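Here is a short note for a colleague who is opening this structure for the first time. Please keep the 3D view open while reading.

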Amino acid sequence: MTKELVCVNCPLGCRLTVTVQHNQITAVSGNSCPRGKTYAESECIRPMRILTTTVRITNALHRVLPVITEQEIPLDLVMKAMEAVRNVKVAAPIQVGDIIVENLLGTGVNLVAARSMKQL
């Protein structure tokens, strides 16, 4: 099977052609740098994404707090992660970088506050 991708690792946006056989990458072409090959391998075998969303916060100026995963998580877990985060509620004050959910879905990746919020 052949897949066509556009690399997002640098501004060049190389058009990659990836050949996959039996869930193994057999060839990558079109990349201008080694990062393109690494991106293609990851994207075709097990895509990963940074999750950004919000959680509810009490006693703060705003009703929601932006949060982000510290690292990428598998793309196939993003919807489950959103379900898990949907019921999270925190109370102000919160500092940027505070851990909101530790070890999200057993991935070893923490969900952290993306901004600080003072208590009212």
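This is a predicted model: local features need pLDDT of at least 70, side-chain atom pairs count only at pLDDT 80 or more; totals for chains, interfaces and linings use all residues.

The points below go from the whole chain to its sheets and then to its cores.

1. Overall make-up. The protein chain has two helices and ten strands. Along the sequence, they follow the pattern β-β-β-α-β-β-β-β-α-β-β-β. The radius of gyration is 18 Å, whereas the globule rule gives 14 Å for 120 residues. The value is well over the rule, so the chain is more spread out than a compact globule.

2. Extent and surface. The C-alpha trace spans about 55 × 30 × 20 Å along its principal axes. The accessible surface of the chain is about 7600 Å². Carbon and sulfur atoms account for 51% of that surface. Of the 120 residues, 33% count as buried. Take the contacts between residues at least 6 apart in sequence: 48% of them join residues at least 24 apart.

3. Strands in the order 1-2-3 form an open sheet with antiparallel pairing. Which strands stand at the edges? They are strand 1 (2-6) and strand 3 (24-29). Each has a single partner strand, so one side of each is left without a neighbour in the sheet. Neighbouring strands here are turned by 30 degrees against each other on average, direction ignored.

4. Inside that sheet. Strand 2 covers residues 15-21 and runs antiparallel to strand 3. Five bridges join the two.

5. Helix 1 is made of residues 34-45. It lies across strand 1, strand 2 and strand 3. Against strand 3, helix 1 runs at about 140 degrees.

6. Strand 6 (residues 64-69) pairs with strand 10 (residues 111-113). The pairing is antiparallel, over three bridges. Ile68 has Val112 of strand 10 as its bridge partner.

7. The largest nonpolar core. How many residues does this core hold? It has 21, and those touching the most other members are Val55, Ile57, Leu65, Val90, Ile94 and Ile100. Strand 5, strand 6, helix 2, strand 9 and strand 10 each give two or more residues to this core. Helix 2 provides the largest share, three residues.

8. Leaving aside residues up to four places away in sequence, Val90 touches Val55, Arg56, Ile57, Thr58, Leu65 and Ile100.

9. The second core. A separate core holds ten residues. Cys14, Leu16, Val18 and Ala40 are among them.

How values were computed: Residues are numbered from 1 along each chain as its sequence is written. Side-chain values use heavy atoms; hydrogens and water are left out. Two strands pair if DSSP finds at least two bridges between them. Helices (H or I, at least four residues) and strands (E, at least two) are DSSP runs, numbered from the N terminus. Axes are lines fitted to C-alpha atoms, for helices over the stretch in contact, and angles run from 0 to 180 degrees between N-to-C directions. Contact means heavy atoms within 4.5 Å. The radius of gyration is taken over C-alpha atoms; the globule rule is 2.2 Å times the number of residues to the power 0.38. Buried means under 20% relative accessible area, exposed over 50%, partly exposed in between (1.4 Å probe, protein chains only). Accessible areas come from the Shrake-Rupley method with a 1.4 Å probe; for residues, only the protein chains shown count as cover. A nonpolar core is a set of buried Ala, Val, Leu, Ile, Met, Phe, Trp, Tyr and Cys residues joined through side-chain atoms within 4.5 Å.
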